Amino acid sequence: MMPRSASDHEELIKDLKDPLEAAFYIEVVLEEGDPKMLRKALKNVIEVQGGIDQLSLQVKQCYKKLDQTLSEAAEIDFYSLMTLFDALGLQLSVTVKSA
């Protein structure tokens, strides 16, 4: 799912302009359970939205905190939630927010 070349990245960014595609992309990455992939996926979706500078200060702070969490040993805590959901027969999903 992750792009392998500049042209793959450009195609991915083009696809992610569709909110349904962006939701599906994040959902697939979450299922993979790789924090590094989630970090990259979030960066890609933010890029499509105009970059981090387009986010409110509160959202920037939230994103930076999550990004830091995913880059450290604490990343395991995030995916512990996914493991717990799985054991309970539940799953985390991403959908497009209705207007």
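Q: Is Asp67 buried or exposed, and why is it called that?
A: In this predicted model, Asp67 has a relative accessible area of 17%. Buried means under 20%, so Asp67 is called buried. Asp67 sits in helix α4.

Q: What makes the pair Asp67 and Arg39 a polar contact?
A: Their side chains are joined at 2.8 Å. The cut-off for a pair of N or O atoms is within 3.5 Å, so the pair counts as a polar contact. Setting aside neighbours within four places in sequence, Asp67 is in contact with Arg39 and Lys43.

Q: How do you know that the span of α3 agrees with its 14 residues?
A: At 1.5 Å a residue, α3 should span 20 Å, and its end C-alpha atoms are 20 Å apart, so the two values agree.

Q: What is found at the start of α3, and what follows α3?
A: At the start, a side-chain oxygen of Asp34 comes to within 2.9 Å of the backbone nitrogen of Lys36. After α3 comes Gly50, with a positive phi near 105°.

Q: Which residues of α3 are buried?
A: They are Pro35, Met37, Leu38, Ala41, Leu42, Asn44, Val45, Ile46 and Val48.

Q: Which helices each supply at least two residues of the lining of the largest pocket?
A: These are α2 (19-32), α3 (35-48) and α4 (57-71). The lining has 20 residues, with Ile26, Leu42, Val45, Ile46 and Gln49 nearest the centre of the pocket.

Q: How many residues of that lining are nonpolar, polar and charged?
A: The lining has 15 nonpolar, two polar and three charged residues. The space in this pocket is about 520 Å³.

Terms used: Residues numbered from 1 in each chain as written. Predicted model: local features only at pLDDT ≥ 70, side-chain atom pairs only at ≥ 80, totals over all residues. Heavy atoms only, no water. 1 Å grid on protein atoms, 1.4 Å probe; cavity = no way out; pocket = protein on both sides within 12 Å on 5 of 7 lines; lining within 4 Å. Points joined across faces, edges and corners; volume = space filled by probe spheres on them. Helix = DSSP H or I, 4+ residues; strand = E, 2+ residues; numbered from the N terminus. Nonpolar A, V, L, I, M, F, W, Y, C, P; charged D, E, K, R; others polar. Buried < 20%, exposed > 50% of the residue type's maximum accessible area, 1.4 Å probe, protein only. Polar contact = N/O pair within 3.5 Å; in protein donor to acceptor, adjacent residues only side chain to side chain. Contact = heavy atoms within 4.5 Å. Expected span 1.5 Å × (residues − 1).
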